[in-house]
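Welcome! Open your viewer, and let's walk through this model together, one selection at a time.

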Amino acid sequence: MTTEAVELGGEPWPVELMNTVWADRQGVHDTLDDPEQARAWFGGAARGLGRPDGTVDDEALRRLRALRDALRCLAAEATADDRPTWTSPVTDADQAVAVVNDAASAAPTWSALERDEGGALVRVTRSHGSAALAVVAAVAEQAVDLLAGSADLRACRAPGCVLYFVRQHARREWCSAGCGNRARVARHYRRHHGGQFE
Ligand SMILES: [Zn+2]
């Protein structure tokens with residue numbers, strides 16, 4: 001099996017993590033269910049967050065998954081999400097908040113000075129936890145910002161879609177151009193044929 005690149009949607013990391021649950025015509029998929037895909041996703045996040053030294057382990061993947069389910073629960077609350085397709089196994093928002101806080105505090109980080117090979121001072125990030133847990137903590141930290149801040153988090157309402165996105169401009173209605181097209185086709189179908197478009 002070759003390592004496939006994991007597709008990202010250009011969303012902030014906490015939203016990308018929520019969107020590791022995605023759907024197509026075959027049904028709902030979970031990128032984190034496949035160990036190789038999960039590791040690929042983790043590697044991408046580690047690089048994106050400036051912590052590429054985080055060698056992923058089972059503990060970090062378990063925590064990442066728990067954080068994902070907690071974030072989807074809180075996103076559902078924040079977006080009044082009533083899409084039936086996929087709901088988080090975490091349904092208690094207080095429990096979800098505790099999972100996010102746990103993840104954020106599992107590997108606190110701070111900045112430190114180090115000398116590079118040429119003797120110049122460079123800034124490095126240190127952590128009490130493993131480098132892998134620091135990656136999970138960094139995603140949790142961003143999630144705190146996102147959920148407590150003014151970001152306009154939305155659930156994509158295109159037929160069958162289970163993704164979330166941050167609305168950056170007022171006209172954006174869908175997670176992707178593909179969903180926008182499908183939603184328009186569904187609307188057209190309903191108008192001309194009535195009933196439900198599948
Ligand atoms: Zn969508």
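Is the crossing of helix 4 and helix 5 left-handed or right-handed? Keep that in mind as we go; please remember too that this is a predicted model.

Select helix 4 (93-106) and helix 5 (131-148). Their crossing is left-handed. The two pack at an angle of about 130°, and their axes are 7 Å apart. Helix 4 and helix 5 are therefore oblique to each other. To see the contact itself, show V100, A103, A104 and A106 on helix 4, then L133, V136, A137, A140, E141, A143 and V144 on helix 5. Color them by type: 10 of these contact residues are nonpolar, 1 is charged and none is polar.

**Second stop: the core.** Now select L67, L71, V100, V135, V136, A137 and V139, the residues with the most contacts inside the largest nonpolar core, which has 49 residues. Several elements each supply at least two residues of this core, among them helix 2 (35-48), helix 3 (58-78) and strand 6 (164-166). Helix 5 gives the largest share, 12 residues. In soluble globular proteins, nonpolar side chains tend to be buried together.

**Last stop: a strand residue.** Move to strand 4 (residues 121-127) and pick V124.

Technical notes
Residues numbered from 1 in each chain as written. Predicted model: local features only at pLDDT ≥ 70, side-chain atom pairs only at ≥ 80, totals over all residues. Helix = DSSP H or I, 4+ residues; strand = E, 2+ residues; numbered from the N terminus. Core = buried A, V, L, I, M, F, W, Y, C linked by C-beta atoms within 7 Å. Buried ≥ 20, exposed ≤ 12 C-beta atoms within 10 Å, placed from the backbone. Axes fitted to C-alpha atoms, helices over the stretch in contact; angles between N-to-C directions. Parallel < 35°, antiparallel > 145°, perpendicular 65-115°, else oblique. Left-handed = near helix turned anticlockwise from the far one by under 90°. Contact = placed C-beta atoms within 7 Å. Nonpolar A, V, L, I, M, F, W, Y, C, P; charged D, E, K, R; others polar.
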